[in-house]
Amino acid sequence: MPVKSPGRETLVLTLPGEPALARLARLVASHFLRQNGVKAAAARRGALAVEKGFRTLLRAAARSGRSGRALVLVLQPHPAFLEVIGRARGGPKTRLLRLVRPRPA
């Protein structure tokens, strides 16, 4: 669900704590980065970092017995950078990715 702010949209994705959904986090991050002007290779690398970090959050949720709880992925464009944050619902935030925003050509 996009949340509008002046000239920027924040994407918030809530997923169940299912380990098989780590790839979905990568696909969403890749699309978000490409839509915000990141070149394909850099978007792929960033999306892989998001998947790896999200998988770590999923494993931590499973270890703590909260595997059924939802995880939240927040993708935010800022004026100078793009940021992806993950967290278990009600838990602390974990920065999964922060990229300097590409300058328009």
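Is glutamate 83 buried or exposed, and what is its relative accessible area? Glutamate 83 is buried, with a relative accessible area of 8%, where buried means under 20% relative accessible area, exposed over 50% and partly exposed in between (1.4 Å probe, protein chains only).

The model is predicted, so that local features need pLDDT of at least 70 and side-chain atom pairs count only at pLDDT 80 or more, while totals for chains, interfaces and linings use all residues. Residues are numbered from 1 along each chain as its sequence is written, and side-chain values use heavy atoms, with hydrogens and water left out.

The structure holds three salt bridges, each defined as a side-chain nitrogen of Lys or Arg within 4 Å of a carboxyl oxygen of Asp or Glu.

| Salt bridge | N to O distance |
|---|---|
| Glutamate 51 – arginine 26 | 2.7 Å |
| Glutamate 51 – arginine 55 | 2.7 Å |
| Arginine 95 – glutamate 83 | 2.9 Å |

Arginine 95 lies in strand 5 (residues 94–100) and glutamate 83 in strand 4, so this pair ties together parts that are 12 residues apart in sequence; helices (H or I, at least four residues) and strands (E, at least two) are DSSP runs, numbered from the N terminus. Salt bridges that share partners join Arg26, Glu51 and Arg55 into one network, in which glutamate 51 is buried at 9% relative accessible area, whereas arginine 26 is partly exposed at 24%.

Strand 4 (residues 81–88) runs antiparallel to strand 3, to which seven bridges join it, pairing being assigned if DSSP finds at least two bridges between two strands. Seven of the eight residues of strand 3 (residues 70–77) are buried, so this strand is largely enclosed by the rest of the structure.
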